[in-house]
Amino acid sequence: MSAIVAVSCAKSYEPELTGSPRMIKVSFEEPDVKSSIDGNKVLWEDNDAILIYDGTKQNAFLFNSGGSFDGEITEGSTKFYALYPELAFRTDRAVSPIMVASSAEAVTFTTFLPSYQKLRANSVSQGAIISACLPTLEGDKLSGSMKIMNGFLKFTIADAENSRIAKVRFTSGSKFMSGRCQMVFGKTKDNSADSLYVETNNDKFTSENNYVECGPETGRTFENGTYYVSVLPYGNKGMTITLTTIDGKIYEYSTDSWVKPLRNTIQDLGTIDAGVASGTGLTTKTSILVDFTSNA
């Protein structure tokens, strides 16, 4: 899931504004690291955006139907930071910048791995893959290898007609699995090379959850298929899988063994609804499911 990212410069320039840095229009040519999985491929989708920080400004590059990303960089910039997803553009461009700090040792950004993800078969939730790189400028192209920074839990629904699963929740026994975190562009421990890593230990800038939940992207219940949930890249000592059916019944299955969806790796949890039809794992808990979005 690595890719080469290319940026080409257009010949036109924005009018120069007094007291403002001069911006150059550029476009990302379609890279291979993308926002959703389709079998073994990863695909870009409408409304995807990549953040390019050029040392002066944080610039949003928005994916268009022509297969490229459009945006601007500051003229004269020599060092760049690329981060997906660009969260501010996807919500309100007027919100505070997502960069936390910049120093000689590291440049740090706040990002977010959703705690609730809408899934379709053989894919992940849009915007739930954290990827980053330090691209370099060569002539009129910006190139680099985007690295996926989160891990994945893979699970299968095999008896959808009888299990009718509306929501799946994975709860860790030891580590954070989702929520706000920091993407750090820094150095290796011996300072020998540039390093990328996700940080969740700074209480001032992080707000994590020890769980991640998911539901079907369309319809009220999961269809038969294989699904991928994005999680923070840590090993978890023990995990509980909670299944909620459309009629409010709750099934739980727990393990004390290690579950390790580390960076850019997939932990296969197998078929998770195998025991629903026989009542295995049924608890005394109940849930009322209401779709407030569709039923105002």
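Of the 296 residues in the protein chain, 46% count as buried, where buried means under 20% relative accessible area, exposed means over 50%, and partly exposed lies in between (1.4 Å probe, protein chains only). This is a predicted model, in which local features need pLDDT of at least 70 and side-chain atom pairs count only at pLDDT 80 or more, while totals for chains, interfaces and linings use all residues. Residues are numbered from 1 along each chain as its sequence is written, and side-chain values use heavy atoms, with hydrogens and water left out.

**Overall build**

- The protein chain has two helices and 25 strands; these are DSSP runs numbered from the N terminus, with helices being H or I of at least four residues and strands being E of at least two.
- Among contacts in the protein chain with a separation of 6 or more, 71% come from residues 24 or more positions apart; a contact means heavy atoms within 4.5 Å.

**Cysteines**

- You will find zero disulfides here, a disulfide being a pair of cysteine sulfur atoms within 2.5 Å.
- Cys181 is buried at 0% relative accessibility, and Cys214 is buried with a relative accessible area of 0%.

**Salt bridges**

- The structure holds five salt bridges, each a side-chain nitrogen of Lys or Arg within 4 Å of a carboxyl oxygen of Asp or Glu.
- One of them joins the side chains of Glu217 and Arg120 at 2.9 Å, N to O. This pair links distant parts of the chain, 97 residues apart: Glu217 is in the loop between β20 (211-216) and β21 (225-231), and Arg120 is in the loop between β11 (116-119) and β12 (131-133). Glu217 is partly exposed at 37% relative accessibility, and Arg120 is partly exposed at 26%.
- Glu213 and Arg169 meet through their side chains at 2.6 Å, N to O. Here strand β20, which holds Glu213, is linked to strand β16 (residues 165-172), which holds Arg169, and the two residues are 44 residues apart. Glu213 is buried at 13% relative accessibility, whereas Arg169 is partly exposed at 26%.
- Glu252 pairs with Lys285, their closest N and O atoms being 3.0 Å apart. Glu252 lies in strand β23 (residues 249-259) and Lys285 in strand β25 (residues 282-286), so this bridge ties together parts 33 residues apart in sequence. Both are partly exposed, Glu252 at 27% and Lys285 at 43%.
- Lys167, Arg169 and Glu213 belong to one network, joined by salt bridges that share partners.

**Aromatic rings**

- Nine aromatic pairs turn up in the whole structure; rings of Phe, Tyr and Trp (its six-membered ring) pair if their centres lie within 6.5 Å, with planes under 30 degrees apart counted as stacked, over 60 as edge-to-face and the rest as tilted.
- Tyr53 and Phe109 are edge-to-face, because their ring centres are 5.9 Å apart and their planes stand at 75°. Tyr53 sits in strand β5 (residues 49-53) and Phe109 in strand β10 (residues 107-113), 56 residues apart, and both are buried.
- Phe155 and Phe222 also form an edge-to-face pair, at 6.0 Å centre to centre and 80° between the planes.
- Tyr53, Tyr81, Phe109 and Phe185 are linked into a cluster by ring pairs.

**Charges over rings**

- Arg169 lies over the face of Tyr211, 3.8 Å from the ring centre; a charge sits over a ring if NZ of Lys or CZ of Arg is within 6 Å of the ring centre and within 35 degrees of the ring normal.
- The charged end of Lys260 sits over the ring of Trp258, 5.4 Å from its centre.
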